[in-house]
Amino acid sequence: MRHGKYPFVIGFLFAPVTLYVVFVIAPYAQAFQISMTNWRGLSAPQWVGFDNYRRLLDDGSFWKAVQHHGVLLLALPLITIAIALFFSFLLNVGGKSSGGQRQGVWGAKFYRVVFFFPQVLAVAIIAVLFQMVYRPNESGLINGVLMKLGFDPVLFLIRPNLALWSIIAVLVWQAVGFYVVLFSAGMASIPGEIYEAAEMDGATKVTLFFRVTLPLLWDTLQVAWVYLGIAAFDAFAIVAVLSVDGGGPDGATTVLAMEIYRNAFVYSKYGYASAMGVALFFLTLTFAALTLRLTKRESVEY
Amino acid sequence: MNPQSTLPPTPAALPPKTGDPGAPGGRGRKGPRSEARLFTGLGHIALAVWAVIVIVPILWTFLAAFKNTTEIFSSPWTLPAELRWENFGRAWTTARVGRYFINSVIVVGCSTFGTMLLGSMAAYVLARYKFWGNRAIYYLFVSGLAFPVFLALVPLFFVVKNLGLLDTHTGVVLVYIAYSLPFTIFFLAAFFKTLPSSVAEAGLIDGCGHTRLFFQVMMPMAKPGLISVAIFNIIGQWAQYQLPLVLLSNAKDKWVLTQGIADISVNAGYEADWSGLFAALTIAILPMIIVYAIFQRQIQAGLTSGAVK
């Protein structure tokens, strides 16, 4: 790497770095600055120190959103990982073993392809799809059946204590396939002899799962938890499109991203919205650090 | 890289073992075999149920796209009485789904191309050249993976506005590229590092310039990695909703597909064109099924490439 190295290096880095600094780094830096002002977009911003953050503490919808992130943060990874683990175990080691090769159940390939598909669709499109599925009258997919059978329709998105769970269900619906594929890759790298030896000692499928698969898959599970946790801190597209008037009914499904969007682009409270953005940033960071710390354990070498 | 390639061959030819009279369970002893069969049996049911849960809403949408509003309300579970192709015509032109679709293709085409070009250039230089500031620039890019986009949303809006790029495709494309760079560079830099340096040195000795070396030797060698990241970016950028919502809000003829269809749905009042909306959804979903059916392995590998290292 001799002659003319620096012109080449600079030439190759100039465009990407410029673009990145202008559209990513500069906005992130400005967000902290704007969050300390009362800027509404028209007159020059005035410095107000931590006022926006103090107002956050008294803001009911902010705390509602934080609370919903808490629910999402527990429910989304727990449900998704549980279902995905069960399925990927079936698909990879659930079947009988022949000649030392672990095999999945019959049709494993088909299931893996079908389960993964929702991952390819845009969340906004899925949200519209489930708006149809959840419709509260006979035109909805689920209520159409219920009403034919003589039941009352279930108001999935309208009942405040059901709305958030209806949304979580959609997120799980989309995510499971991705984690089935992810865990399958992890399980495929566990040597078959370990299962073989365990089965010789009389281990059942359930024992195999809890004593062999789960411990050896720990690193992958950790990655999955962080991914799903980060998804739980976003959830903008699904809430904005699927829920009743953006985070409703009456704020029952709102999330921070929704509140940021509303404060900034509906009420033009740019300073306040930025303060929420900073709060979201620190929540995400705390979560990631905590997860990595709490789930830290010695990985098993094999 | 490909999670599928390491899996044992799937036993598609093996029928499920049910009702085997010669099994040791017949001896009246509840051995691990009968328990295993129960587990597998329940597992089969669970798998089939989940497959139905995934397929039915999509299939139901396709059917409803051919119905009229009366049918949608009176018989949501039957086949359409006739194939009303005009629903698709209405969705494509009146509801402007055609316009949105083409916009999405233009935006994602340009931004993915830009992301791959700029991302691989930066990743290559950062991975294979020693120079002052290399690590600093690398970590600057990779740190972008940790930030939620929502933190930057307000200032980003004004950056784009001040550049006069608000409500333009150029603005959206540049922003997509900028926000796709961290992952693209993170992934490709690791990939370029694994390529043998003997080829590069031979090229340089033969008088091949750095730039030609990159485009004619290193890029072709990095093809598997480039394909994975390109798929990751195409699907991610195609699914983008919040950025176009903020950056294109006042130019309805420039909207992308996600934004357009969400808008039809959110603003659907009492006199909504339900069959048109179902047709619009079908137009959005069907191409993805076709693409997925063809590139299923590559897509699964590409999307999980971020997690499987």
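Predicted model: local features only at pLDDT ≥ 70, side-chain atom pairs only at ≥ 80, totals over all residues.
Colleague: How many helices and strands does chain A have?

Modeller: Helices (H or I, at least four residues) and strands (E, at least two) are DSSP runs, numbered from the N terminus. In chain A there are 13 helices and zero strands. The radius of gyration, taken over C-alpha atoms, is 24 Å for chain A, well over the 19 Å that the globule rule gives for 302 residues, so chain A is more spread out than a compact globule; that rule is 2.2 Å times the number of residues to the power 0.38. Along the principal axes, the C-alpha atoms of chain A fill a box of roughly 80 × 75 × 35 Å.

Colleague: Which residues of chain A does UniProt list as "transmembrane region"?

Modeller: The unreviewed UniProt entry lists several stretches, including residues 71–93 and 113–134 of chain A, although such annotations may be inferred rather than shown by experiment. Residues 71–93 of chain A are 100% helix, with end C-alpha atoms 32 Å apart, whereas residues 113–134 of chain A are 68% helix, with end C-alpha atoms 25 Å apart.

Colleague: How many residues of chain B are in contact with chain A?

Modeller: Two residues are in contact if their C-beta atoms, placed from the backbone, lie within 7 Å. By this rule, 83 residues of chain B are in contact with 91 residues of chain A, and helix 1 (residues 32–64) of chain B gives the most to the side of chain B that touches chain A, with 16 residues.

Colleague: At what angle do helix 7 of chain A and helix 13 of chain B cross?

Modeller: Two packed helices are described by the angle between their axes and the distance between the axes. Here the axes of helix 7 (residues 160–188) of chain A and helix 13 (residues 274–304) of chain B come within 10 Å and cross at roughly 85°, and the two helices are therefore roughly perpendicular (65 to 115 degrees) to each other. Among the residues that meet are Phe178(A) and Leu182(A) in helix 7 of chain A, and Gln300(B) and Leu303(B) in helix 13 of chain B.

How values were computed:
Residues numbered from 1 in each chain as written. Chains lettered and ligands numbered in written order. Axes fitted to C-alpha atoms, helices over the stretch in contact; angles between N-to-C directions. Parallel < 35°, antiparallel > 145°, perpendicular 65-115°, else oblique.
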